[in-house]
Structure formats: C-alpha cells, structure tokens
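Please keep the sequence and the model in view while reading.

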Amino acid sequence: SSGINAEWPLRPGKLLTHNMMRSHCKGVVNGFPLKLSSSQVDVKEIEFNPDFINRMLSRLEWPALVQIANQLGVGEGLPEMLPEEQKFEDEDVLKKIHHVLLEVEVVEGELECPETGRKFPISKGIPDMRLNEEE
C-alpha cells in the first residue's frame with residue numbers, strides 16, 4: 001500500500017525519532033538532546049527486526065537514548081554503553097532496544113531546548129517545533 005500507515009516505525013513521537021531531533025532556535029550551538037516530559041505515553045507492538053535495530057545503533061546518540069528511556073521508566077535492561085563494534089548478538093538485548101526505539105511513543109508532552117529552555121508541545125504524538133520569526 002502507498003502512504004504511511006499507523007505502524008510506520010519513524011512516527012514523530014517514537015524515541016528513535018526523538019534521538020535524532022535538535023532545537024534550531026537562534027543562537028543555539030548544539031540543541032541536543034532535547035529534554036522530554038510526557039503526560040501520556042503509549043506502547044504499540046511493532047514487528048521485531050533485529051537487522052534494522054543493529055543498523056540503527058551507529059546512528060544513535062546512545063547515552064541520550066538511555067537517559068530518556070530511564071526517565072520514561074522503560075530503560076530497564078538497556079546496556080549503559082554500546083559495544084565497540086556497535087552491534088548486539090543477544091536477542092533479548094535487541095528486543096529491549098527495539099521496544100524502547102519503536103514501540104514506546106510519547107503521545108502528549110513537551111520537548112525543551114537544552115540551551116534556551118524553549119518548550120515545544122507534543123500533541124497526538126507530533127511535536128510542534130515551529131519557531132516564531134524572532135527565534
């Protein structure tokens with residue numbers, strides 16, 4: 001089928017997507033990681049694909065992912081660090097990473113720029129990162 005369905009893994013509220021987002025407010029040097037607070041988190045089962053998870057590991061800011069997962073209460077069992085080869089063989093670990101990256105979705109809450117404190121609301125799983133002209 002064409003188009004994006006509700007189970008597409010890179011929906012905006014997923015922690016995988018959050019791990020790649022940055023603030024673009026004026027004067028911001030890094031803008032990462034965005035602080036995340038949530039008032040509603042959903043968990044939706046997504047088909048497990050260990051190859052996809054291992055391919056994504058090198059693209060992740062791992063410490064930021066672990067921090068947010070722990071903050072949301074879903075980080076138990078996540079390794080504190082990635083192995084040097086940035087790949088896991090242990091299927092239980094891969095399933096845990098899969099769960100955190102793709103099945104946990106922040107539906108309502110807000111993101112906050114770590115440098116300016118500017119808050120961006122999340123509604124229905126979609127963060128509103130629009131800036132005013134002066135920002």
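A nonpolar core is a set of buried Ala, Val, Leu, Ile, Met, Phe, Trp, Tyr and Cys residues joined through side-chain atoms within 4.5 Å. Buried means under 20% relative accessible area, exposed means over 50%, and partly exposed lies in between (1.4 Å probe, protein chains only). The structure is a predicted model, in which local features need pLDDT of at least 70 and side-chain atom pairs count only at pLDDT 80 or more, while totals for chains, interfaces and linings use all residues. Residues are numbered from 1 along each chain as its sequence is written, and side-chain values use heavy atoms, with hydrogens and water left out. Helices (H or I, at least four residues) and strands (E, at least two) are DSSP runs, numbered from the N terminus.

**Nonpolar core**

- The largest nonpolar core has 34 residues, and Leu15, Leu36, Trp62, Leu72, Ile97 and Leu101 have the most contacts inside it.
- Two or more residues of this core come from each of α1 (15-18), α2, α3 (62-71), α4, β2 (104-112) and β3 (119-123).
- The element that gives the most to this core is α4, with six residues.
- Leu72 is in contact (heavy atoms within 4.5 Å) with Leu15, Leu36, Ser38, Val41, Val104 and Val106, leaving aside its neighbours within four places in sequence.

**Helix packing**

- Helix α2 (residues 50-57) and helix α4 (residues 91-103) have axes that come within 10 Å and cross at roughly 75°.
- This angle makes α2 roughly perpendicular to α4; angles under 35 degrees count as roughly parallel, over 145 as roughly antiparallel, 65 to 115 as roughly perpendicular and the rest as oblique.
- Axes are lines fitted to C-alpha atoms, for helices over the stretch in contact, and angles run from 0 to 180 degrees between N-to-C directions.
- From α2, the residues Pro50, Phe52, Ile53, Asn54 and Leu57 meet Leu94, Ile97, His98, Leu101 and Leu102 of α4.
- By class, this contact of α2 with α4 has eight nonpolar, two polar and no charged residues; Ala, Val, Leu, Ile, Met, Phe, Trp, Tyr, Cys and Pro count as nonpolar, Asp, Glu, Lys and Arg as charged, and the others, Gly among them, as polar.
- Asn54 of helix α2 counts as buried at 13% relative accessibility.
- Leaving aside neighbours within four places in sequence, the contacts of Asn54 are Gln86, Lys87, Phe88 and Leu94.
- In α3, the buried residues are Trp62, Ala64, Leu65, Val66, Ile68 and Ala69, and their cover includes α1, β1, α2 and α4.

**Sheet**

- An open sheet is formed by four strands in the order β1-β2-β3-β4, with antiparallel pairing; two strands pair if DSSP finds at least two bridges between them.
- The edges are β1 (35-43) and β4 (126-127), each with a single partner strand, so one side of each has no neighbour in the sheet.
- Helix α4 packs on the sheet and touches β1 and β2, its direction making about 60° with that of β2.
- Eight bridges pair β1 with β2, and Ser37 stands opposite Glu110 in β2.
- Four bridges join β2 to β3, where Phe120 in β3 is the bridge partner of Leu111.
- Two bridges pair β3 with β4, and Ile122 stands opposite Pro127 in β4.
- In a regular strand the side chains alternate between the two faces of the sheet.
- The covered face of β3 holds Phe120 and Ile122, whereas Lys119, Pro121 and Ser123 form the uncovered face.
- Glu105 lies in strand β2 and counts as buried at 2% relative accessibility.

**Backbone features**

- The peptide bond from Phe32 to Pro33 is cis, with omega near -10°; Pro33 belongs to the loop between α1 and β1.
- In the hairpin of β2 and β3, with six residues between the strands, Gly117 has a positive phi near 80°.
- Gln86, in the loop between α3 and α4, is not a glycine but has a positive phi near 50°, and it counts as partly exposed at 33% relative accessibility.
- Lys124, in the loop between β3 and β4, also has a positive phi, of about 55°, without being a glycine, and it counts as exposed at 65% relative accessibility.
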